[in-house]
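Dear colleague,

Please find below the structure that I am handing over to you. I would be grateful if you could look at it before reading the notes that come after it.

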Amino acid sequence: MVIAHTKPAIDAKMSPKKTGSFYELTGPLYDQKGKLRVPKGKKLTVKDLYQMSWLVKGVIGSPKG
């Protein structure tokens, strides 16, 4: 239920999700202070996630709990 001219843009964004090629933790990722933490194209590994001591820009809170 969207305007016809927006459907191709939505489909383009949804396609990688449907094929399994989308990975939400791919750079560029910035921390809450705006510092680049993950460069464009780099993917965070599970090890990277366990070692994170920062939160992504837009997340409210503190990594310290």
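The notes below describe what was found in this structure.

This is a predicted model, in which local features need pLDDT of at least 70 and side-chain atom pairs count only at pLDDT 80 or more, while totals for chains, interfaces and linings use all residues. Residues are numbered from 1 along each chain as its sequence is written, and side-chain values use heavy atoms, with hydrogens and water left out.

Overall form

The chain holds two helices and two strands, where helices (H or I, at least four residues) and strands (E, at least two) are DSSP runs numbered from the N terminus. Read from the N terminus, the order of the elements is α-β-β-α. The C-alpha trace spans about 45 × 25 × 20 Å along its principal axes. The radius of gyration of the chain is 15 Å, whereas a compact globule of 65 residues would have one near 11 Å; this radius is taken over C-alpha atoms, and the globule rule is 2.2 Å times the number of residues to the power 0.38.

Of the 65 residues, 9% are buried. Buried means under 20% relative accessible area, exposed means over 50%, and partly exposed lies in between (1.4 Å probe, protein chains only). Among contacts (heavy atoms within 4.5 Å) between residues at least 6 apart in sequence, 26% join residues at least 24 apart.

Charges and salt bridges

The chain carries 13 positive and 4 negative side chains, and the centres of the two sets lie 4 Å apart. Lys and Arg count as positive and Asp and Glu as negative, with His and the chain ends not counted; the place of a charge is NZ of Lys, CZ of Arg, CG of Asp or CD of Glu.

Side chains of opposite charge can pair when their charged atoms come close. How many salt bridges does a search of the whole structure find? The search finds three, a salt bridge being a side-chain nitrogen of Lys or Arg within 4 Å of a carboxyl oxygen of Asp or Glu.

- Lys-7 and Asp-11 form a salt bridge at 3.5 Å, N to O. These two residues are separated by about one helical turn, because they stand four residues apart in helix α1 (residues 7-19). Lys-7 is partly exposed at 46% relative accessibility, and Asp-11 is partly exposed at 36%.
- Asp-31 and Arg-37 form a salt bridge at 3.0 Å, N to O. Asp-31 is buried, with a relative accessible area of 7%, whereas Arg-37 is partly exposed at 35%.
- Lys-42 and Asp-48 form a salt bridge at 3.5 Å, N to O. Lys-42 is partly exposed at 38% relative accessibility, and Asp-48 is partly exposed at 21%.

Two prolines

Where does Pro-16 lie? Pro-16 lies in helix α1 and is partly exposed, with a relative accessible area of 27%. Leaving aside residues up to four places away in sequence, Pro-16 touches Ser-21 and Phe-22.

Pro-28 is placed in the loop between α1 and β1 (29-30). A cis peptide bond joins Gly-27 and Pro-28, with omega at about 15 degrees.

With kind regards
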